[in-house]
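Reader: I've got the model open on my screen. Can we talk it through?

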Amino acid sequence: ATPVILKIILTDGSSQRLTLRSGLPASIDDLMVEVKKQCGLEGNFRLQFMDLMFGNEYLNLTSVSEIVDKGTLKIITVVSPVTEPQIFSPSSVCDYLSQSSGTDTLSSSESTSSRSAWPAVFHAPKFSYDAEIKLQQAHLAYLQNGTVLSPDPKLKSAILDGLVQEIVRYKVYVCDKEMEQVAQSLIKKHPCLTEKGSSTGCGGWKVSLKFKLSNYRTQLRKLGCPEVVVNSLKHKPPGKGSSAFGVKKAKRAEVNFCPAYSSSETQESLEAIQKDLLLDVKKKDNRQVVKLKMEKTFAHRRQEVVRDAPMVANFMARWPALFEVREINAEFKRITTVPLQSKFLSQLDLHSYNLMKLFQQRGGQLAKRLQPIIAEMCDDVDAGSERVVKGHCIYMGEEPESLVQEYLDMDEVSVLKAIKDTTIGVYVLKHAACDELEDVGVVLEGIKVLRYLDNVSLAVGMLFGLMYALNLSYPADLRYTFEVIQKIFIELDGDKLSNKVLTLKNRLFQ
């Protein structure tokens with residue numbers, strides 16, 4: 001069958017390419033299964049197609065015959081009908097509360113942190129009522145004669161308290177650039193607070209904010225906030241009793257780095273769910289139960305990863321459900337709020353053409369190394385994506401064999417011996433005679449943690465997701481390759497780039 005390529009417009013307004021390698025499916029239901037798989041979608045939705053007969057308006061898709069190659073489909077979320085409100089009697093309310101307090105109730109809304117990603121533009125919040133009155137009066141004086149305000153200790157404390165409360169909605173450890181952003185937002189909203197003699201007008205506010213946030217973290221540690229407790233001195237290794245040593249904090253744009261338990265859960269109740277999961281993953285047709293329990297135990301699992309840094313084999317034995325594609329996608333989204341598979345594959349596809357142009361323009365020794373990549377490009381989407389992944393690795397001056405290791409005509413025992421010393425990577429088993437893929441998987445600490453993946457680019461995406469899920473550092477010999485994946489393809493922390501990656505980005509978008 002002839003492959004069909006479609007443009008899919010998602011509910012958030014973004015779009016990506018959908019490739020149907022076996023042609024159009026037999027039914028709309030089969031098509032929706034493929035859309036869910038490639039776009040990482042869940043829940044109920046319907047498809048609309050762009051109808052040329054009606055001026056490119058979108059109409060509900062009723063037959064696959066209405067789809068054309070390189071056509072456009074649109075995702076429309078289907079909202080469940082609102083049910084009538086239930087009236088509870090006092091006794092039924094008590095029954096409901098007693099039932100909902102059990103560990104069998106799996107409420108996804110309570111299982112993850114409500115924290116949001118750091119905003120592109122930080123907005124200073126409203127302060128206390130009396131503080132706003134003082135600032136309003138100072139603003140009028142500033143407009144009339146340019147007089148800046150020297151706030152009294154009470155007002156300054158109220159301002160700093162308000163800013164800190166807004167900051168911790170996003171994170172408790174803030175970098176210098178983000179703190180500068182907060183201070184700038186304050187004087188932008190209240191120019192009467194601009195500091196004379198400061199090159200930025202807010203240098204003093206920035207320093208005060210750093211001290212205020214540091215003191216606030218001390219309060220949070222006393223209250224048992226896991227993000228701060230994990231960095232207390234008693235958790236430091238012997239001889240390393242310094243507050244600056246080995247600080248565990250979000251360093252790769254993690255939104256939920258070390259979330260707290262929900263109010264209805266304890267370590268004991270979540271540990272009981274973890275033990276249940278060991279049995280649930282072995283049952284057939286039990287996907288929904290596993291999904292809900294994995295979401296429920298996210299904070300427990302995450303604290304274990306950050307605090308204890310367990311070996312992969314031990315963690316895999318405790319959380320086997322995590323080591324499959326759907327759960328890696330779900331875990332990555334809990335940590336970063338960004339979809340992994342759909343984002344990575346669509347961005348890889350989006351940048352492939354420009355990356356290939358850069359490969360062709362490269363000179364010197366890198367050009368010789370890139371030449372086989374360029375020569376082997378073909379119409380096969382999977383093979384093309386694999387070449388681009390390997391090519392950008394070479395372009396960054398790193399070895400693609402450190403990322404993807406191919407094994408030809410080897411049996412299982414020989415492969416296990418070969419990957420024994422592999423810390424992080426993707427393996428590919430091939431038949432030399434026909435160049436056919438027998439198996440594609442992911443290796444961590446010498447263990448096959450994922451097997452029988454569809455292609456190399458998907459395996460690289462899953463490897464990247466596991467590095468977030470297990471809080472693993474990028475290997476030194478592939479740090480630029482993974483930085484490109486994180487900051488250019490996934491677009492996480494994309495404004496903080498090393499010089500090599502910044503050069504690539506500038507050339508890619510020029």
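Reader: How far is the sulfur of C225 from the closest cysteine sulfur, and in which residue is that one?

Author: Quick note: this is a predicted model, where local features need pLDDT of at least 70, side-chain atom pairs count only at pLDDT 80 or more, and totals for chains, interfaces and linings use all residues. Residues are numbered from 1 along each chain as its sequence is written, and side-chain values use heavy atoms, with hydrogens and water left out. A disulfide here is a pair of cysteine sulfur atoms within 2.5 Å, and the structure holds zero of them. For C225 the gap is too far for a bond: 7.9 Å, to the sulfur in C258.

Reader: Is C393 buried or exposed?

Author: Buried means under 20% relative accessible area, exposed over 50%, and partly exposed in between (1.4 Å probe, protein chains only). C225 sits at 18%, so C225 is buried. C393 comes in at 0%, so it counts as buried.

Reader: What is the phi of D285?

Author: D285 is in the loop between α9 (267-280) and α10 (287-296); helices (H or I, at least four residues) and strands (E, at least two) are DSSP runs, numbered from the N terminus. At 84% relative accessibility, D285 is exposed. Most residues other than glycine have a negative phi. D285 isn't a glycine, yet its phi is positive, near 50 degrees.

Reader: Which residue in β7 stands opposite Q405?

Author: Strands pair if DSSP finds at least two bridges between them. β6 (residues 404-408) and β7 (residues 424-431) run parallel, joined by five bridges. Opposite Q405 you'll find Y427.
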